[in-house]
Amino acid sequence: MTGFSFSRYLATARVLWGLALFTAAMAASAHAQQFGRQVGTLAKGVSVERDVAYGSMAEQRMDVYLPQNAQRSPIIVMVHGGAWAFGSKSAPGVVDNKVSHWLPKGFIFVSVETRLAPAADPIEQATDVAAAMAMVQRRAASWGGDPSKMVLMGHSAGAHLVALVSANRSIAQKAGVKPWAGTIALDSAAYDVSSIMERPNHPRFYDQAFGSDPRFWKIASPTLYAGSNIPRMLLVCSSLRSDSCPQANAFARKSGGQARVLPLSLRHMAINRTLGLESGYTHQVDAFINSIVAR
């Protein structure tokens, strides 16, 4: 057995440290691609109206991506994720593959920014989503869209918000939202906020979003309101996470058959980023959307 060599140990440590820095840099790059403010080049024929206001606050803005010659087109309204505290309506992971996939099919795509914590709690963020939906319906005809064929979609924290607006119908009604076609929640693990907060080992960012009041946890829980009066919903969940699919299944059981769960062997970010790429996943989402906008 060879003896201990400090120089060899130091060289190995430097290699490991370099690998760690490289891994961190790659993770940061992926995070920036998901939640940053850059957006990819628009396809030929696509036009965009940026920062359309749906409220008086600076954050209450949305980007509207328009296909050529839209006529009574269905509309996808997208809400980004980011732990209720960060994120961007223009992040490539939120926009690019979805716009590339659905605009050639004649869809209008709207990406919504909301106020964020700590300036606004999740309930207030849900009211922002509803206000954006109402504005989309009011403006739909001017864009060539059909307000009754609006599909609400959100990822992560955004999935919680769209589920809450869909389940607690009073939020949408107060904003003046008319019935919409349906809702797609992309990998929320927060349908029952109370059950999360009561676990001693829950992630700390939930404390920052939902605070310490059990009454607030309940009213912020979409599962509390789930019933047969909700719009049709597709709940996409990552089977690689311990909490996403169980929470989605519990919500679906209370929905009177209105919500269907789609488990996928994909990571949390990939469920958002890869939607729109050619895959069985995209085909299943397409089938759901076609079934609700054709009615």
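By class, the residues lining the largest cavity of this predicted model divide into 6 nonpolar, 6 polar and no charged ones, where Ala, Val, Leu, Ile, Met, Phe, Trp, Tyr, Cys and Pro count as nonpolar, Asp, Glu, Lys and Arg as charged, and the others, Gly among them, as polar. Residues are numbered from 1 along each chain as its sequence is written, and side-chain values use heavy atoms, with hydrogens and water left out. As the model is predicted, local features need pLDDT of at least 70 and side-chain atom pairs count only at pLDDT 80 or more, while totals for chains, interfaces and linings use all residues.

**Cavity and pocket**
- On a 1 Å grid over the protein atoms alone, a cavity is a set of points where a 1.4 Å probe fits but cannot get out, a pocket is an open set with protein on both sides within 12 Å along at least five of seven lines, and lining residues have an atom within 4 Å of a point.
- The largest cavity holds about 40 Å³ of space, a volume being the space filled by probe spheres set on the points, which are joined across faces, edges and corners.
- Helix 4 (residues 157–167) contributes the most to the lining of the largest cavity, with 3 residues; helices (H or I, at least four residues) and strands (E, at least two) are DSSP runs numbered from the N terminus.
- The largest pocket contains about 260 Å³ of space, and of its 20 lining residues Ser156, Phe205, Tyr206, Arg241 and His268 are the closest to its centre.
- The lining of the largest pocket has 11 nonpolar, 6 polar and 3 charged residues.

**Salt bridges**
- The count comes to 9 salt bridges, each a side-chain nitrogen of Lys or Arg within 4 Å of a carboxyl oxygen of Asp or Glu.
- Arginine 241 and aspartate 187 meet in a salt bridge at 2.9 Å, N to O, and this pair links distant parts of the chain, 54 residues apart.
- Aspartate 187 is buried at 1% relative accessible area, whereas arginine 241 is partly exposed at 26% (buried means under 20%, exposed over 50%, partly exposed in between, with a 1.4 Å probe and protein chains only).
- Aspartate 63 forms a salt bridge with arginine 50, their closest N and O atoms being 3.5 Å apart; aspartate 63 lies in strand 2 and arginine 50 in strand 1, so the pair ties together parts 13 residues apart in sequence.

**Whole chain**
- The chain has 12 helices and 8 strands, and 52% of its 295 residues count as buried.
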